[in-house]
Amino acid sequence: MKRFSVLAPVFIAVAATALPAAANAHSFQVVEATIDDIQAQYRAGNLRPEEVVQMYLARIAAYDRSNVGQPLNGGVGQQPLNSFMHVNEQAIRDAHRLDDEGDDDGKPLFGIPVVLKDNIATSDMPTTAGSVALGGSDPKTDAFIARKLRRAGAIILGKGTLTEFANFIALGMPTGFSSQLRFQLFQIPGADLSKVGFGFNSYDPRIDPRTTRPQNDGRPVLATGGSSSGPGIAVGANLATVGVGTETSGSILSPSGQNSLVGIKPTLGLISRHGIVPITADQDTAGPMARTVADAARLLGVLAGFDEKDPATAACLTPGKCFRDYTQFLGLNTLKRARIAVPKHPYWIEFGLGAARTALMNDAIDTLTRLGATVETCEIPSQNVLNNYGTCVTKSDVDARRATPAGTIPSCSTVLLFGFKRDLNTYLADKDFGPGVSASNAQIPVRTVHTLSDVISFNAAHPEVALKYGQAIAIGADALNVGPGQDRDDYLADRALDLKLTRTCGLDVLYTGVVPTECAGLVADQGTCAGKKFDAVLFPANFGANAPARAGYPSVIVPGGFFPNPASVPAGFKAQPSPFGVTFSGPAFSEPRLIGYAYAFEQETHHRVPSPSVPPLPSDTASTGRQRE
């Protein structure tokens, strides 16, 4: 592969020269093609679904995969993106079958190639969650949302890589790394086990050149974002039209921001989680990742809806909470009279936003104001307490939580650890999706996996491939007793406190202007913000993901520009700029409003530009001068 190494100003200029799909009336260009662009070609008789699939497969072959051992060129220069864990071998057949049916009525995603994060079960491809302990797992049926996508006419192009177990297995694991990807890549002769296992961001798909630990382990110089890294990389690099990621806290927002995408983390209960390898039902959700707000809105309408096997989606039975068509909320004037709060502590200050990203956020605020919004700096009222109430992730955290006297605020919440053990064991016990089956080869015998404890045991038996970063989080989760007893009582108390701090005494105060009496001692003096009601909160990138995630509230991220890669690499390396996103968050089921805000901002700014590292191929263009027989 040829690497395009360019300076920051040239980067923007080159990327901007890529023709949009509809730029030439006599040809179709798949790079940056939207759902509407593709379906317009179908309706005109210029293209068939299998031809579009073949275009994407050619880009995947050119930029994503390698038949020689990685890293390429001794780790110097552009690397394969590794965004796909599995490419659907039947994708062309599925597209041809869809074309033969010839009926796109009632199919809003007719002929649209989609990439799914590889923790979403599919019956025709393995579902590994990025874990070599589940590398041979073949679900008997699709996840609920995978079935919905197929019924809507989507073509599942493949399964995207991810940070292993949605980044809830080990401490210090870089986004986009997984032991299953590492295992698969090492099967190719010439691969270096010490360096492989990473996805690469198309905006600078090179290995970090630093030679000191921990940066010298083969990781990318530009973070992919995670844990939905594969769908983010693939959609960002035009290897699929749209993608579906999952989020517990930041896992859609992070890779969307890092790959110049729109990402929607929906309200908990808008989308079914049945058939998705979990962290915890208390926070998990799936959501769209796309290059435009319109495409993300179209995809959200397909994913949303009631599923009797996911009780949280019962909310969709209430009119006005879930919609089949979110594109109806797109509008250029949606920000007029909108009231938006901007919390800066710790999201701008203590988190180290820095001068370049601060400038991008200030530019975003100027845009919102110009479009008619009122924007005011107001902190989350309970933030001072939230700052000292983290997430338990290790066995020592569990021990400290057990030692915390009842009725006092602990240093961390066990909600994620408790849910991980409880809900993963439930998933693996489901006859439609479990038990899990490990990866295997001549050196690694196959093993059946029924529980989190089995995952830990398998990994411990094969540390050379499974434990590059350890499994401290998994061990911490498995130490909990999910039956009746103190651990369960602590979990229930922690979940109640999560909701009190992030909903009742936190974000809800910004949305309602009211401080409930039960929040005494938990809410700081709001100063001039007291009593004010806001429609949304604005965060930089995924920096503010935690509070809305704990609350189960929605967030929408939209491209907000580029900034210098903060990695301290040698000047001669010429690190390329990093994409950046701005995030709108709101109360439960406020997706219509947030989508409207994001659309107005997107149409005013047009910050997204495709990466010059993955330019159009000759096969990306099709003539539309005549109808096809």
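This is a predicted model: local features need pLDDT of at least 70, side-chain atom pairs count only at pLDDT 80 or more; totals for chains, interfaces and linings use all residues.
Reader: Let's start in the middle of things. Which residues touch the most other members of the largest nonpolar core?

Author: V244 and F584 do, in a core of 157 residues. Helix α14, residues 415–429, gives the most to this core, with 8 residues.

Reader: And what does F584 touch, leaving out residues up to four places away in sequence?

Author: Its contacts are I340, L368, V537, L538, P554, S555, V556, V558, L594, Y597, A598 and F601.

Reader: I see L594 and F601 there, and I want to know about helix α20. How many of its residues are buried?

Author: 11 of the 15, so α20 is mostly covered given that buried means under 20% relative accessible area. The buried ones are E591, P592, L594, I595, G596, Y597, A598, Y599, A600, F601 and E602.

Reader: What do those pack against?

Author: The buried residues of α20 pack against the helices α10 (293–303) and α11 (354–370), plus the strands β6 (262–265), β14 (536–540), β15 (555–563) and β16 (578–585).

Reader: What span should α20 have, and how far apart are its ends?

Author: Helix α20 covers residues 591–605, and at 1.5 Å a residue its 15 residues should span 21 Å. The end C-alpha atoms are 21 Å apart, which agrees.

Reader: What follows α20?

Author: H606 does, and its phi is positive, near 50°. H606 is not a glycine. It sits in the loop between α20 and β17 (621–623).

Reader: Is H606 buried or exposed?

Author: H606 counts as exposed, because its relative accessibility is 51% and the cut-off for exposed is over 50%.

Reader: Where else is there a positive phi in a residue other than glycine?

Author: F165 has one, near 50°. F165 is in helix α6, and at 2% relative accessibility it counts as buried.

Reader: OK, what about T163? Where is it?

Author: T163 is in the loop between β4 (155–160) and α6 (164–167). It is buried, with a relative accessible area of 0%.

Reader: Then tell me about α8. How many of its residues are buried?

Author: 8 of the 8 residues of α8 (229–236) are buried, so the helix is largely enclosed by the rest of the structure. They are S229, G230, P231, G232, I233, A234, V235 and G236.

Reader: What covers them?

Author: The cover includes β2 (84–87), β3 (113–117), β4, β5 (242–247), α9 (253–258) and β7. After α8 comes N238, with a positive phi near 60°.

Reader: How far is G287 from G232?

Author: Their C-alpha atoms are separated by 12 Å, and the two are 55 residues apart along the chain.

Reader: Changing topic: how many cavities of 30 Å³ or more are there?

Author: The count comes to 3. The second largest cavity has a volume of about 40 Å³.

Reader: What lines the second largest cavity?

Author: Q70, P71, Q79, N82, L185, K195, V196, G197, F198 and F200. That lining divides into 5 nonpolar, 4 polar and 1 charged. The peptide bond from Q70 to P71 is cis, with omega near 0°, and P71 is in the loop between α3 (49–63) and β2.

Reader: Last one, D508. Where is it, in which helix?

Author: D508 lies in helix α18, residues 486–512. At 21% relative accessibility, D508 counts as partly exposed. Leaving aside neighbours within four places in sequence, D508 is in contact with T502, R503, G513 and Y553.

Conventions: Residues are numbered from 1 along each chain as its sequence is written. Side-chain values use heavy atoms; hydrogens and water are left out. Helices (H or I, at least four residues) and strands (E, at least two) are DSSP runs, numbered from the N terminus. Buried means under 20% relative accessible area, exposed over 50%, partly exposed in between (1.4 Å probe, protein chains only). On a 1 Å grid over the protein atoms alone, a cavity is a set of points where a 1.4 Å probe fits but cannot get out, and a pocket is an open set with protein on both sides within 12 Å along at least five of seven lines; lining residues have an atom within 4 Å of a point. Grid points are joined across faces, edges and corners, and a volume is the space filled by probe spheres set on the points. Ala, Val, Leu, Ile, Met, Phe, Trp, Tyr, Cys and Pro count as nonpolar, Asp, Glu, Lys and Arg as charged, and the others, Gly among them, as polar. A nonpolar core is a set of buried Ala, Val, Leu, Ile, Met, Phe, Trp, Tyr and Cys residues joined through side-chain atoms within 4.5 Å. Contact means heavy atoms within 4.5 Å. The expected span of a helix is 1.5 Å times one less than its number of residues.
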